[in-house]
Every structure is written in C-alpha cells, then in structure tokens.
Amino acid sequence: MKGTYLALERSSGVVRKLHPIAAHPIILKMGEYFILCSDFKDQKGQSVNVDFYLAPRGKRYVVFEALVDDRNRLKRLMKAGKVSRVN
C-alpha cells in the first residue's frame, strides 16, 4: 500500500501523517453501508487503527467517515447488533 493519510487530531489540532500497512481481511456491514478496518503506522512507527465507513455510489464506494484510533465506537456498534461481518 502506498501513500500518506492525513488525520487531524481534534483535541490538539495537530495533523498526523499516517502510512498504510494493511487492510484487515474482514469486511463489515452496517445496513447498506460497509466498514473496512486498516492498519497504519504514524511518524514514530506506532500502530494506528483506521476504520473507513463506506457508502455505495453506483458501481463505486465513497468514504463518508474515517475514524482514527477510535475502535471503541465500532465495538459499541457491533455489541448493539448494528454491524455484522460480510465474509
């Protein structure tokens, strides 16, 4: 995977440069939407989870939310039965 993903830290206003490592092999579904979880590394080499929330648009998908280091939100959605595995 190539490129740099810029993520704004809401509390500090600092922009973090994240580098993709791998997408998790599991795809999640939330109603008509999908969630793809990915592993990134920050500039210090620390692991960072990024969850991309996707909406279908024709034959493509658009990211409508990307949560950086906020796995608890996804866990709450799963516990509430709002998210399930596709594969």
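Tutor: Buried means under 20% relative accessible area, exposed means over 50%, and partly exposed covers what is in between. Please keep in mind that this is a predicted model.

Student: Why is R16 called buried?

Tutor: R16 has 16% relative accessibility, and the limit for buried is under 20%. R16 therefore counts as buried.

Student: What makes E9 partly exposed?

Tutor: The relative accessibility of E9 is 29%.

Student: What makes D69 and R16 a salt bridge?

Tutor: The closest N and O atoms of D69 and R16 are 3.7 Å apart, and the cut-off is within 4 Å. D69 lies in the loop between β5 and α1 (71–79), while R16 lies in strand β2 (residues 15–30), so this pair ties together parts that are 53 residues apart in sequence.

Student: Is D69 buried, partly exposed or exposed, and why?

Tutor: D69 counts as partly exposed because its relative accessibility is 46%, and exposed would require over 50%.

Student: Why is the contact of R71 with D51 called a salt bridge?

Tutor: The closest N and O atoms of R71 and D51 are 2.8 Å apart, and the definition asks for within 4 Å. R71 belongs to helix α1 and D51 to strand β4, so the pair ties together parts that are 20 residues apart in sequence. D51 counts as buried because its relative accessibility is 1%.

Student: How many salt bridges are counted by this rule, and which residues are joined into one network?

Tutor: The count comes to 5 salt bridges. Salt bridges that share partners join E9, R16, D42 and D69 into one network.

Student: What makes β1 and β2 a pair of strands?

Tutor: Pairing requires at least two bridges between the strands. β1 and β2 have 4 bridges and run in the antiparallel sense, and A7 has R16 as its bridge partner in β2. The hairpin of β1 and β2 has 6 residues between the strands, and G13 there takes a positive phi near 80°.

Student: How do you know that β2 also pairs with β3 and β6?

Tutor: The same test of at least two bridges applies. β2 and β3 are joined by 8 bridges and run antiparallel, with F40 in β3 as the bridge partner of P20. Their hairpin has 2 residues between the strands, and G31 takes a positive phi near 65°. K29 has S84 as its bridge partner in β6.

Student: What makes β4 a partner of β3 and of β5?

Tutor: Strand β3 (residues 33–41) and strand β4 (residues 47–57) pair in the antiparallel sense over 8 bridges, and D39 stands opposite N49 in β4. Strand β5 (residues 60–68) runs antiparallel to β4 and is joined to β4 by 8 bridges; there, Y53 has E65 in β5 as its bridge partner. Each number is set against a threshold of at least two.

Student: What lines the largest pocket, and how much space lies in the largest pocket?

Tutor: About 290 Å³ of space lies in the largest pocket. The lining includes E9, R16 and D69, and β1 and β5 each supply at least two residues of the lining.

Definitions and conventions. Residues are numbered from 1 along each chain as its sequence is written. This is a predicted model: local features need pLDDT of at least 70, side-chain atom pairs count only at pLDDT 80 or more; totals for chains, interfaces and linings use all residues. Side-chain values use heavy atoms; hydrogens and water are left out. A salt bridge is a side-chain nitrogen of Lys or Arg within 4 Å of a carboxyl oxygen of Asp or Glu. Buried means under 20% relative accessible area, exposed over 50%, partly exposed in between (1.4 Å probe, protein chains only). On a 1 Å grid over the protein atoms alone, a cavity is a set of points where a 1.4 Å probe fits but cannot get out, and a pocket is an open set with protein on both sides within 12 Å along at least five of seven lines; lining residues have an atom within 4 Å of a point. Grid points are joined across faces, edges and corners, and a volume is the space filled by probe spheres set on the points.
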